Amino acid sequence: MKRSSRQEAQLRPRDPLFNSSVQKALAMLETFGGERRALSLAELAATAGMTISSAQRCLHTLVRLGYLRREARLRRWELTPRALSLTEAYLSGHALLEHATAHLIGLNQASGESVSLSEPDGTHMVFIARFPSLKPFHIHMPVGRRLPMYCTASGRAYLAALSPVLARRILGRSRPVAHTPTTLTDPQQIWKRIQAARECGYAWSDQEYYRGDVTIAAPVLGEDGQPLAAVNISAPTSRWTLPQLRAKLVPLLLESAQAASLGHTLRSPRRLPK
């Protein structure tokens with residue numbers, strides 16, 4: 001989870017090795033994304049929590065290094081393809097991803113729907129692999145997309161595989177908001193859904209982040225039995241209801257999550273709670 005400039009400032013007195021220049025550069029790069037494709041100097045400074053002069057020096061350096069470029073017509077700056085080098089560096093040689101890819105492709109083909117693998121980062125899950133359905137599906141989910149744990153099947157599957165103490169600690173740092181009319185935001189209701197996922201061995205969500213999207217997910221475990229990631233099947237409500245998705249595709253999901261896990265056997269679902 002990205003820290004605010006105030007949080008970073010609080011780190012410096014306690015950490016003499018903390019380099020504020022590196023923090024500023026990363027904060028500027030993290031400012032981009034979504035609708036913020038091209039930004040002015042003032043926008044970059046304000047969003048990254050920097051002064052204009054500091055932002056100007058940082059911006060100049062990132063341009064010289066090839067991570068940003070100036071859009072002359074709009075007098076704004078935008079990311080360059082070089083920014084993807086960090087993504088490539090992270091994903092290349094990723095042991096879990098290399099181990100899981102064949103199983104994810106198999107699940108994608110067997111289910112006919114979109115399949116993703118995501119890893120935890122703070123209170124969010126970050127998608128590191130995506131195999132879209134060949135059938136029409138209106139939701140675009142690129143690698144690198146971050147979604148909150150509390151309202152997504154992948155996040156709940158990951159939390160359900162943690163110890164209750166750790167899961168509650170993560171939920172305590174979350175700030176639930178209603179992304180759709182069906183988003184669960186009450187902490188007690190969210191915890192009940194996570195407990196149900198713990199009993200089943202998988203989690204689910206019904207249009208809680210995206211309208212028209214139903215999802216089931218299961219944890220991917222490491223050799224020590226601790227969760228490393230989550231695999232999910234996402235499908236549109238034009239083809240599936242959540243009960244149909246759970247009844248027909250949970251066995252495939254659990255089989256694939258077990259195969260993708262590193263030396264650990266997942267249990268079979270006991271029941272399908274409401």
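Predicted model: local features only at pLDDT ≥ 70, side-chain atom pairs only at ≥ 80, totals over all residues.
Is Ala178 buried or exposed? With a relative accessibility of 56%, Ala178 counts as exposed, because the cut-off for that class is over 50%.

**The three-stranded open sheet**

- Three strands make up an open sheet in the order S1-S3-S2, and their pairing is antiparallel. Strand S1 (38-39) and strand S2 (68-71) are the edge strands, each of them pairing on one side only.
- Strand S3 (residues 76-79) runs antiparallel to S2, and the two are joined by four bridges. Within this pairing, Arg69 has Glu78 in S3 as its bridge partner.
- Arg69 and Glu78 also form a salt bridge, in which the closest N and O atoms are 3.0 Å apart. Arg69 is partly exposed at a relative accessible area of 39%, and Glu78 is likewise partly exposed, with a value of 21%.

- Strand S4 (114-121) and S5 run antiparallel and are joined by seven bridges. The two strands form a hairpin with two residues between them, and Gly122 in the turn has a positive phi of about 65 degrees.
- Asp121 has His124 in S5 as its bridge partner, while His124 also stands opposite Pro148 in S6.
- S5 pairs with strand S6 (residues 146-148) in the antiparallel sense, over three bridges.
- Strand S5 (residues 124-131) is largely enclosed by the rest of the structure, because eight of its eight residues are buried.

**Salt bridges**

- The structure holds six salt bridges, and, as a general point, side chains of opposite charge can pair when their charged atoms come close.
- One of the salt bridges joins Glu43 to Arg76, with 2.6 Å between the closest N and O atoms.
- The side chains of Glu208 and Arg156 meet in another salt bridge, at 2.7 Å from N to O.
- Which class of accessibility does Glu208 fall into? Glu208 is buried, because its relative accessible area of 2% lies under the 20% cut-off. Arg156 is buried as well, at 0% relative accessibility.
- Arg156 and Glu208 belong, together with Arg193, to a network of salt bridges.

**The contact of helices H8 and H9**

- The axes of helix H8 (residues 164-173) and helix H9 (residues 187-200) come within 12 Å and cross at roughly 145 degrees. The crossing in which H8 passes H9 is right-handed.
- On the H8 side the contact is made by Pro164, Ala167, Arg168 and Leu171, and on the H9 side by Ile190, Trp191, Ile194 and Arg198. Sorted by class, this contact of H8 with H9 has six nonpolar residues, no polar residues and two charged residues.

**Two loop residues**

- Glu113 is found in the loop between helix H6 (95-111) and strand S4. Glu113 is buried, because its relative accessible area of 0% lies under the 20% cut-off.
- Leaving aside residues up to four places away in sequence, Glu113 touches Asn108, Phe131, Ser133, Lys135, Ile233, Ser234, Ala235, Pro236, Arg239 and Trp240.
- Ala178, the exposed residue of the opening question, lies in the loop between H8 and H9. With residues up to four places away in sequence again not counted, Ala178 touches Thr183 and Thr185.

How values were computed:
Residues numbered from 1 in each chain as written. Heavy atoms only, no water. Pairing = 2+ DSSP bridges. Salt bridge = Lys/Arg side-chain N within 4 Å of Asp/Glu carboxyl O. Buried < 20%, exposed > 50% of the residue type's maximum accessible area, 1.4 Å probe, protein only. Axes fitted to C-alpha atoms, helices over the stretch in contact; angles between N-to-C directions. Left-handed = near helix turned anticlockwise from the far one by under 90°. Contact = heavy atoms within 4.5 Å. Nonpolar A, V, L, I, M, F, W, Y, C, P; charged D, E, K, R; others polar.
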